[in-house]
Amino acid sequence: MDSRTVLVLLWMLLSSSTGIKLDGNGYVDVTITISSTVPQDNTLIDKIKDMVSKGSIHLHQALDKKVYFKEATILVPPHWNSKDFTKARTESYEKANVRIDNANPAYGDEPYTLQYGECGDEAQFIHFTPNFLRDDTLIKTYGSRGNLRWGVYDEYSETNPFYYSNGRIEATSCSKNIEGQFYDESLQPCQIDPQTLLPTKGCKFFPNKYQNTDSFIMFLPSLDSVSTFCHENEHNYEAPNLQNKKCGKATRTVIFEDSVDKDALRSLKPLLSSPPAPTFKVVQRKHRVVCLVLDVSGNMHGSRMRRLQQGATHFLQHIEDKASVGIVTFSSNAKTLSPLTTIDSESTRDKLIELLPKVAKGGTHICKGLNLGLQVLKNDNGDVMGDEIIFLTDGEASDNINSCVPAAIESDAIINTMALGDKAAKALREMAAKTGGKFFTASDDILSNQLLNGFFSLKLPTGDQTKDPVQIDSVGKKTSDWFNGTILVDQTIGNKTSFTITYETSLPDISIQSPNDSTYKQIQMHHYKSAKTVTLKVPGTAQPGDWKYSIQTTINQSLTVTATSQAARADVPPIVVKAHMNQQFSDGTKPLIVFAEVSQNYMSVIKTEVWATLLSESGSAQQLRLLDNGAGADAFKDDGIYSRYFTQMKKGRSSLKVRVKNLDGQARFTIQKRGGAPYVPGYVVNGVVELNPPKPPVSEESLAVGRFTRTATGESFEVAFTGSTPPNFPPNRITDLSAEIQEDSVLLSWTAPGEDLDQGTAKSYEIRWSYDLQMLRENFSNAHVVNTAAVSPLEAGSAEQHSFNLSFTIQNGSTLFFAVQSEDKENAKSETSNIAQASKILPDPTPSAISNPGLNLTVLVISLCVVMVICFVGAVITWSVRRRKTLI
């Protein structure tokens, strides 16, 4: 690999939100995982090690010699064979910082980072393809990119590659000090669009190979001279790029003032010598080893015990083949109901289900259950490293759980915790968080199906989504009559399709009808009497279309229906939904955000309907329509990430469930990139353009998505704000303000914020403008004010427009800057919006060309005028001469 390859890790490896932390000056717990869809190739391991090692040196240089990569773990697929792989601990594909997986059809081999949040927020993961790591020439093609761990953004722009500044055409970049030339695809000087006087489409900026500045990692990271981030004193605030839109400050400023590492980066002293080389572990998880540790104390009697049975039954029906499962119960004492048993048949699953506990009595000795569960895991190979515990309890401990929880956290087991009721110990959330597990809560609301959904969510993906089950739907109803409905099996799923019906008291009459009118009666279903659960496992591949269920009960009781399935084909992953909150614990000072990601094989699904249900442990539920509109809580429009602020917080713990519907056929696969490596067409060396290899073609067709439904359960979260009511949040910051000068009027457009963040309707707007961007940014209240008396804010999420005339005539070539603040009924003001700029440029009927990025438009206009004058004078002289000859 050449030196540019190592830069990939510099700004991308730290993008992930899970696990990475600083140990002194060194980053540790960096996890890089290879998907199980990738055939074994040990050279990939060597490529990863080389990249991290060299990237550590560049990271050290980029951040004032303060930090470097100290440790990294590479998680390889279960099917790879080698004696050199050690057993994985808490590392998992799902929570890895970097994923090595097959190409996204919209990106090809281009690396990218999946980022959900706001400026300063960490991203989810980085995606590399195996080919990108193997093929060194792709670095020249793509360069690299950087939505960082530190929450900074690209400083280039594919949609607005050029803009005006003081009458000059500039390339969108982090600094105006970057030099280069403009050429079209045939290396001819770019033409000027007569309407905009900007370069026409197809014009490219070819940077000089050797620059006078080295601080533009977020603009041209592929250049050899790049070594650090854009500083405040050279940051280009006018450039229409994401960094300015989302952050409004230099990347280095964000990293040192707003990011997750801000405190450490400010306090750490630079290393006095070169950093040591990183150390590596290559680990593997062959198959899952799980112990169910179930609370059967007296507090679990009645409906709680029944729901425990139903949730555990559902888990045992869906855990993958070849997994090993044990069962432990605890109350006043702990008991092993089953040692570790390999799932090798349906009969094995049924035998384990029959062993599930049926009686609840005694105290709640959590430590006894936890310790026995760890002992059962240890019996298979002498340790518990990487094994899992699913710990379900009402959490009202009879013992001192602090005497055993620290040891459990240090055991190297993954501990998933499920808290039933509103009195569960807080240590359950901590135990899950510190061991790489998941935390779920469940209220005593039977219809919510929380326990069953939580158990289903306890999967351990390896990267092959065709082997992971998805939940199609999960609904409930309390009735003494009919419970009818439809479950849609879409084209991407069908294998291992099952319908699970739970009831509260008495077995109802159940029938399920397939799309071709075949009817399944109860005699074809499996009835688990103790769990009050009925399951239909559809043989073969379920027919796509609407499956109708009809359930009749003669007594008033709660009924639920849950449908799950897997991919219909081994080469077509299903549509999947992932849901989570931006915080698992909140003290109310920072707003909570709900996220749902809808995708298929890394392709984002847009234009679909997404609803979130947030259910508190007291049983009160709130529903939110999640949006993908690029406003409010949503960072990017049409990227398949749907989000919304959650303002009506409830004290205590709450669960999250998301339901996605595309029944009207409006959904599409997006062709919009979430932000990938900028393609650099070539460089200018001593005045000569050196071309890079052409960018490989990728899919640009917007494909329709068929009808589908999905449900997903996110980890639970806890709120502990002071006072009895939720805090008042101001309207959200507007981030999509745009401006346009139309003759002598100005048209501003933006998405309306809410009364509380993106909920409700704001009270008023304050709009200001200036010729000086810096003044508007730093001293909004002193800029020129626009009369907004006639502007009445619309409901949050609505499209706003405001047209107005200034008190003077806007001169041709002028550039004005605009910003907006909004205010709520309690006079709380939003942050100042992104700064929009607009230039008045009169169309030029004469096409012209440019050949360098610093071309002054005034010079261009004067030159055109001179030419016109010369032509006019020449015409007059010619006419005069001809007239004179005629007269003679």
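The following dialogue examines a predicted model of a protein chain.

Student: How many helices and strands does the secondary structure of the chain have?

Tutor: The chain has 888 residues, and 57% of them are buried. Its secondary structure comes to 15 helices and 50 strands.

Student: In the open sheet of three strands, what is the order of the strands?

Tutor: The edge strands are β1 (21–23) and β4 (68–69), each of which pairs on one side only. The pairing in this open sheet is mixed. The order is β1-β2-β4.

Student: Which residue in β2 stands opposite Lys-21?

Tutor: Strand β2 covers residues 26–28. Three bridges join β1 to β2, and the two strands run antiparallel. Opposite Lys-21 stands Val-28.

Student: Does Thr-73 count as buried or exposed?

Tutor: Thr-73 lies in strand β5, which spans residues 71–76. Leaving aside residues up to four places away in sequence, Thr-73 touches Val-30, Thr-31, Ile-32, Glu-91, Lys-281 and Val-283. A residue is classed as buried when its relative accessible area is under 20%. Because the relative accessibility of Thr-73 is 7%, this residue counts as buried.

Student: Which residue just after α12 takes a positive phi?

Tutor: Helix α12 comprises residues 427–435, and its buried residues include Ala-427, Leu-428 and Met-431. Just after α12, a positive phi of about 80° is taken by Gly-436.

Student: What share of the accessible surface of the chain belongs to carbon and sulfur atoms?

Tutor: The accessible surface of the chain comes to about 35800 Å². The share that belongs to carbon and sulfur atoms is 50%.

Definitions and conventions
Residues numbered from 1 in each chain as written. Predicted model: local features only at pLDDT ≥ 70, side-chain atom pairs only at ≥ 80, totals over all residues. Heavy atoms only, no water. Pairing = 2+ DSSP bridges. Helix = DSSP H or I, 4+ residues; strand = E, 2+ residues; numbered from the N terminus. Buried < 20%, exposed > 50% of the residue type's maximum accessible area, 1.4 Å probe, protein only. Contact = heavy atoms within 4.5 Å. Areas by Shrake-Rupley, 256 points an atom, 1.4 Å probe, with all protein chains shown as cover.
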